[in-house]
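Here is a short tour of one protein model, written for someone who likes to look at the atoms while reading. Have the viewer open and follow along.

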Amino acid sequence: MNVIKTNIEGVLILEPKVFNDARGYFFESFSQREFDEKVAPILGHTIRFVQDNESMSSYGVMRGLHFQRPPFTQSKLVRCVKGAVLDVAVDIRKGSPTFGQHVAVELTGDNRRQFFISKGFAHGFAVLSETAVFQYKCDEFYHPEADGGISIMDQSLGINWKIPTDQALLSEKDTKHQMLANFDSPFNINTNLYIESETR
């Protein structure tokens with residue numbers, strides 16, 4: 001597995017080693033041992049995933065920008081197993097030098113890239129193909145009472161979603177999130193969210 005650092009600390013792109021032959025291909029989509037060896041030292045702590053999710057969406061669907069509030073914050077490891085999505089992480093940690101900035105990466109069934117997003121970020125994606133199957137691992141269980149989000153259509157974030165606005169498909173919930181300028185983030189760069197999780 002190749003680990004690529006991005007311009008925001010705590011957000012990484014992972015490229016698995018793929019073995020191809022006449023029969024098709026094989027790769028390890030996740031190995032806790034390799035994750036501990038190659039990713040944990042960069043993050044400064046280990047990650048233990050507890051829940052896997054999968055969604056299927058059609059072209060133009062935009063989901064996000066989501067997070068879970070403390071004490072149920074989540075790290076995510078995401079990938080697109082069929083089709084193509086533009087996946088985005090936005091830093092929403094108060095006091096962070098990269099607050100409001102984002103990392104965007106195209107994840108496809110062909111490039112098999114994965115995107116790791118630390119706690120303290122809002123996450124979302126847009127479907128670029130006719131359909132897309134999207135999978136993600138989380139290190140905290142889903143807690144609906146802790147649901148949070150910022151507007152995926154907030155132009156101040158400077159995200160090029162590669163979807164014409166008139167073709168974007170959002171859930172009713174996702175149309176009601178606040179713009180970043182009006183958002184009081186529950187995250188602070190000086191709070192170690194991983195220690196909080198361990199002591200809860």
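What is the volume of the largest pocket? About 460 Å³. Please keep in mind that this is a predicted model.

## The largest pocket

Sorted by class, nine of the lining residues are nonpolar, nine are polar and six are charged.

Which elements each supply at least two residues of this lining? They are β5 (51–58), β6, β12 and β13 (131–138). Strand β6 gives the largest share, with five residues.

## The second largest pocket

The second largest pocket has a volume of about 310 Å³. It is lined by 15 residues, of which Leu43, His45, Arg93, Ser118 and Tyr194 lie closest to its centre. Here the lining counts five nonpolar, seven polar and three charged residues.

Helices also take part in this lining: α2 (40–43) and α3 (193–199) each contribute at least two residues to it.

## An enclosed cavity

How many cavities of 30 Å³ or more does the structure hold? There is one, and the space in this largest cavity comes to about 70 Å³. Its lining consists of His66, Phe67, Gln68, Thr73, Gln74, Lys76, Ile117, Ser118, Gly120, Phe121, His123 and Phe187.

The largest share, three residues, comes from β6. By class, the cavity lining has four nonpolar residues, seven polar ones and one charged one.

In soluble globular proteins, nonpolar side chains tend to be buried together. In this model, the largest nonpolar core has 20 residues, and those with the most contacts inside it are Leu65, Val90, Ile92, Ala122, Ile150, Leu157 and Trp161. Strands β6 (62–68), β8 (84–91) and β12 (121–127) each supply at least two residues of this core. A second, separate core has 18 residues, including Val61, Cys80, Val103 and Phe134.

Leaving aside residues up to four places away in sequence, Ile92 touches Phe67, Phe99, Gly120, Phe121, Ala122, Ile150, Leu180, Phe183, Ser185 and Phe187.

## The chain as a whole

Stepping back, the protein chain has three helices and 15 strands. Its radius of gyration is 16 Å, close to the 16 Å that the globule rule gives for 200 residues, so the chain is as compact as a globular protein of that length. The C-alpha trace spans about 55 × 45 × 30 Å along its principal axes.

Of the 200 residues, 49% are buried. What share of the contacts between residues at least 6 apart in sequence join residues at least 24 apart? The share is 80%.

## Backbone details to check

Most residues other than glycine have a negative phi, and most peptide bonds are trans. A few places in this model are worth a look with that in mind. A cis peptide bond joins Gly64 and Leu65, with omega about -5 degrees, and Leu65 is found in strand β6. Another cis peptide bond joins Pro70 and Pro71, with omega about 10 degrees; Pro71 is in the loop between β6 and β7 (76–82).

Two residues other than glycine have a positive phi here: for Arg112 the angle is near 55 degrees, and for Lys162 it is about 65 degrees. Arg112 lies in the loop between β10 (102–108) and β11 (114–117), while Lys162 is in the loop between β14 (147–149) and β15 (187–188). Are they buried or partly exposed? Arg112 is buried, with a relative accessible area of 18%, whereas Lys162 is partly exposed, at 46%.

Technical notes: Residues numbered from 1 in each chain as written. Heavy atoms only, no water. Core = buried A, V, L, I, M, F, W, Y, C linked by side-chain atoms within 4.5 Å. Buried < 20%, exposed > 50% of the residue type's maximum accessible area, 1.4 Å probe, protein only. Helix = DSSP H or I, 4+ residues; strand = E, 2+ residues; numbered from the N terminus. Contact = heavy atoms within 4.5 Å. 1 Å grid on protein atoms, 1.4 Å probe; cavity = no way out; pocket = protein on both sides within 12 Å on 5 of 7 lines; lining within 4 Å. Points joined across faces, edges and corners; volume = space filled by probe spheres on them. Nonpolar A, V, L, I, M, F, W, Y, C, P; charged D, E, K, R; others polar. Rg over C-alpha atoms; globule rule 2.2 N^0.38 Å.
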